[in-house]
Amino acid sequence: MKIIRPYQLMEKLSVSRTTLWRMEQRGELPSRRQISQRLVGWLESDLESWLKSRPLVNSLDDKK
């Protein structure tokens with residue numbers, strides 16, 4: 001079981017801290033886990049499942 005910290009998730013998704021925060025506020029990410037009093041992160045398995053559930057983009061639709 002691996003924990004992904006916020007800065008690691010920002011890098012993996014290529015998003016800013018603000019965008020990550022907004023995604024959390026909209027409920028678009030799995031829930032964080034409290035690791036210690038001041039430390040949070042996500043289970044890598046939760047993030048993998050979430051990414052697999054995201055819709056695919058048909059590149060042909062982008063050209064319309």
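# Reading a predicted fold: strands, core and salt bridges

Q: What do strands S2 and S3 form, and how many residues lie between them?

A: S2 and S3 form a hairpin, with two residues between the strands. Strands are DSSP runs of E with at least two residues, helices are runs of H or I with at least four residues, and both are numbered from the N terminus. The model is a predicted one, in which local features need pLDDT of at least 70 and side-chain atom pairs count only at pLDDT 80 or more, while totals for chains, interfaces and linings use all residues. Residues are numbered from 1 along each chain as its sequence is written, and side-chain values use heavy atoms, with hydrogens and water left out.

Q: In which sense do S2 and S3 pair, and over how many bridges?

A: Two strands pair if DSSP finds at least two bridges between them. Here S2 (residues 33-36) and S3 (residues 39-43) are joined by three bridges in the antiparallel sense. Gln34 stands opposite Val40 of S3, and Ser36 has Leu39 as its bridge partner in S3. As a general idea, side chains in a regular strand alternate between the two faces of the sheet.

Q: In what order do the strands stand in the sheet?

A: The order is S1-S3-S2, in an open sheet of three strands with antiparallel pairing. Strand S1 (3-4) and S2 are at the edges and have a single partner strand each, so one side of each lacks a neighbour in the sheet.

Q: What pattern does the protein chain follow along the sequence?

A: The pattern reads β-α-α-β-β-α-α, which comprises four helices and three strands.

Q: Which residues make up the largest nonpolar core?

A: A nonpolar core is a set of buried Ala, Val, Leu, Ile, Met, Phe, Trp, Tyr and Cys residues joined through side-chain atoms within 4.5 Å. Buried means under 20% relative accessible area, exposed means over 50%, and partly exposed lies in between (1.4 Å probe, protein chains only). The largest core has nine residues: Ile4, Leu9, Met10, Leu20, Met23, Leu29, Trp42, Leu47 and Trp50. Helix H1 (6-13), helix H2 (17-25) and helix H3 (44-53) each supply at least two residues of this core. Across the protein chain, buried residues make up 22% of the 64 residues.

Q: Which residues does Ile4 touch, leaving aside those up to four places away in sequence?

A: A contact means heavy atoms within 4.5 Å. On that basis, Ile4 touches Leu9, Lys12, Gly41, Trp42, Glu44 and Leu47.

Q: How many salt bridges are counted?

A: Side chains of opposite charge can pair when their charged atoms come close. The rule asks for a side-chain nitrogen of Lys or Arg within 4 Å of a carboxyl oxygen of Asp or Glu, and the count is three salt bridges. Glu24 meets Arg32 at 2.6 Å, N to O; Glu24 is partly exposed at 22% relative accessibility, and Arg32 is partly exposed at 38%. Arg26 meets Glu28 at 2.8 Å, N to O; Arg26 is exposed at 52%, whereas Glu28 is partly exposed at 27%.

Q: Which parts does the salt bridge of Asp46 and Arg33 tie together?

A: The side chains of Asp46 and Arg33 meet at 3.0 Å, N to O. Asp46 lies in helix H3 and Arg33 in strand S2, so the pair links parts that are 13 residues apart in sequence. Asp46 is partly exposed at 25% relative accessibility, and Arg33 is partly exposed at 38%.
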